[in-house]
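Biologist: I am new to this model. Please show me the sequence and structure, and then I will ask my questions.

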Amino acid sequence: MVAVHVILAIVLRNYRFISTLHAILVFAIGAWTALNEDDLKKVIPVTAYIMGAEVLWRMTKANIFWEFGKYAIVAIFIIALLRKGKLKKAGLPILYFLLLTPSIFYTVNAFGLSEHTREMISFNLSGPLAASVAILFFSQVEIDLSEMEKYIWPAIYPILGILTLAAYNTITASEISFGTESLFVTSGGYGPNQVSAILGLGALLLVMLTISGRQTTSRFLAILFSLALLTQSFLTFSRGGIYNFAIGLTLAILHLLGKPDKFIRSTFIVLLIGMTVGFLIFPQLEAFTGGMLGQRFTNVETTGRLELAEADLQLFYRNPALGVGPGMSSLLRFNNSFAAAHTEYTRLIAEHGISGILAFLVLLIILVRSYFKAPDAMSRAWMVALAAWPLVEMGHAAMRVASIS
């Protein structure tokens with residue numbers, strides 16, 4: 001499967017219609033599975049694959065709409081849930097999304113029932129919608145840690161396809177100018193923020209598998225591929241992917257302190273990866289980039305995100321009840337910044353007001369409940385890792401990718 005996706009990534013990049021066909025076929029398989037399987041867990045590998053493939057489809061210019069990955073996951077989960085018929089614990093995830101809908105009025109009022117209105121609402125609310133449906137879906141299933149391998153690897157295959165394109169671009173580039181900004185050339189010609197994030201997520205999932213997995217062969221491959229993903233994430237010069245990975249993994253490891261056997265094994269694996277990165281990979285990359293990599297990752301500038309967040313707060317102070325409406329913050333900021341929101345937390349309060357704050361509190365309640373329901377230390381480590389990654393990603397990249405949801 002890894003070899004297939006290395007080849008597939010090259011094919012998808014060279015033939016746009018095959019990339020489009022691939023996206024449609026994967027969704028069709030997911031919908032068919034949801035319609036015909038009684039076990040809800042049967043659709044998880046397909047939706048995990050879509051999560052990993054979303055950026056790959058964007059990179060290869062598949063002729064699908066921008067938020068296809070999010071809506072595909074939403075559709076598959078809803079079909080599966082409707083087939084089941086009976087839902088439990090549905091209140092909080094539905095409430096989370098409903099709290100974000102009243103402010104839609106302001107966007108519609110500004111632009112009418114137009115295509116522009118639809119795009120603004122979809123761009124800003126498809127992420128929360130996918131999160132709401134995903135939370136609802138996963139609250140209906142119980143997953144044993146021994147099953148994680150068959151759900152994680154389907155997400156990894158297309159992520160390794162992304163790695164292939166990014167690495168190929170890097171190797172074949174006639175010239176790369178390393179500086180203090182993210183690089184498109186080392187990101188496969190696509191947005192470094194998204195590529196870096198998804199590469200870091202792949203590395204996090206694989207390291208977590210090595211910590212909790214039982215199969216020696218899979219563990220060796222997981223470590224090998226995680227190192228490759230981290231290497232390329234560094235080379236994108238987009239810091240988010242590495243930061244997300246480091247924070248998620250650190251918090252996960254801390255939750256194994258109470259289990260000496262788990263903690264010792266996990267610490268050994270993390271130290272092995274850390275030493276390989278620190279003493280082998282990073283020095284080589286530092287030499288390759290002429291010393292710019294170290295400067296980039298020690299630079300704490302927010303590249304305009306802080307100014308955007310401050311402007312969002314000003315909008316909230318002027319419109320505290322329901323905010324200014326989905327997508328409207330980019331048009332109404334006092335500093336004339338027309339960029340889309342990069343921080344989901346300030347976007348929530350700017351565009352949804354107090355209702356957005358309440359929605360985020362509902363999300364936190366769901367996470368806290370999940371944390372205390374986790375039956376053992378390793379389950380809590382997984383839960384924390386998979387919650388920390390999107391929470392950090394939302395801090396600097398809003399909800400651009402389906403993997404957050």
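Biologist: How many aromatic pairs does the structure hold?

Modeller: This is a predicted model: local features need pLDDT of at least 70, side-chain atom pairs count only at pLDDT 80 or more, and totals for chains, interfaces and linings use all residues. Rings of Phe, Tyr and Trp (its six-membered ring) pair if their centres lie within 6.5 Å; planes under 30 degrees apart count as stacked, over 60 as edge-to-face and the rest as tilted. The number of aromatic pairs in the structure is 20.

Biologist: How far apart are the ring centres of phenylalanine 77 and phenylalanine 137?

Modeller: The planes of these two rings are at 15°, so the pair is stacked. The distance between the centres is 4.1 Å.

Biologist: How many residues apart in sequence are the parts that this pair ties together?

Modeller: Helices (H or I, at least four residues) and strands (E, at least two) are DSSP runs, numbered from the N terminus. Phenylalanine 77 lies in helix 4, and phenylalanine 137 in helix 7 (residues 115-138). The pair therefore ties together parts whose separation in sequence is 60 residues.

Biologist: Is threonine 60 buried or exposed?

Modeller: Threonine 60 sits in the loop between helix 3 (44-59) and helix 4 (68-84). Buried means under 20% relative accessible area, exposed over 50%, partly exposed in between (1.4 Å probe, protein chains only). The relative accessibility of threonine 60 is 3%, so threonine 60 counts as buried.

Biologist: Which residue forms a salt bridge with glutamate 351?

Modeller: A salt bridge is a side-chain nitrogen of Lys or Arg within 4 Å of a carboxyl oxygen of Asp or Glu. Here the closest N and O atoms are 2.6 Å apart. Both residues are buried, and both lie in helix 16, four residues apart, about one turn of the helix. The partner of glutamate 351 is arginine 347.

Biologist: Which residues do salt bridges that share partners join into one network?

Modeller: Arginine 58 has a salt bridge with glutamate 54 at 3.1 Å, and another with glutamate 67 at 3.7 Å, N to O. Arginine 58 and glutamate 54 are four residues apart in helix 3, so about one helical turn separates them. The whole network is Glu54, Arg58, Glu67 and Lys70.

Biologist: Why do the buried residues of helix 14 lie on the same side of that helix?

Modeller: Arg305, Leu308, Ala309, Ala311, Asp312, Leu315 and Phe316 are the buried ones in helix 14. The arc is that of the directions from the helix axis to the C-beta atoms. These residues lie on the same side of helix 14 because they cover an arc of only 160°.

Biologist: How far apart are the end C-alpha atoms of helix 14?

Modeller: Helix 14 (residues 305-318) has 14 residues. The expected span of a helix is 1.5 Å times one less than its number of residues, which means 20 Å for helix 14. The model agrees, with its end C-alpha atoms apart by 20 Å.

Biologist: What is the radius of gyration of the protein?

Modeller: The protein has 17 helices and zero strands. The radius of gyration is taken over C-alpha atoms, and the globule rule is 2.2 Å times the number of residues to the power 0.38. That rule gives 22 Å for 405 residues, and the protein comes close, so it is as compact as a globular protein of that length. The radius of gyration is 21 Å.

Conventions:
Residues are numbered from 1 along each chain as its sequence is written. Side-chain values use heavy atoms; hydrogens and water are left out.
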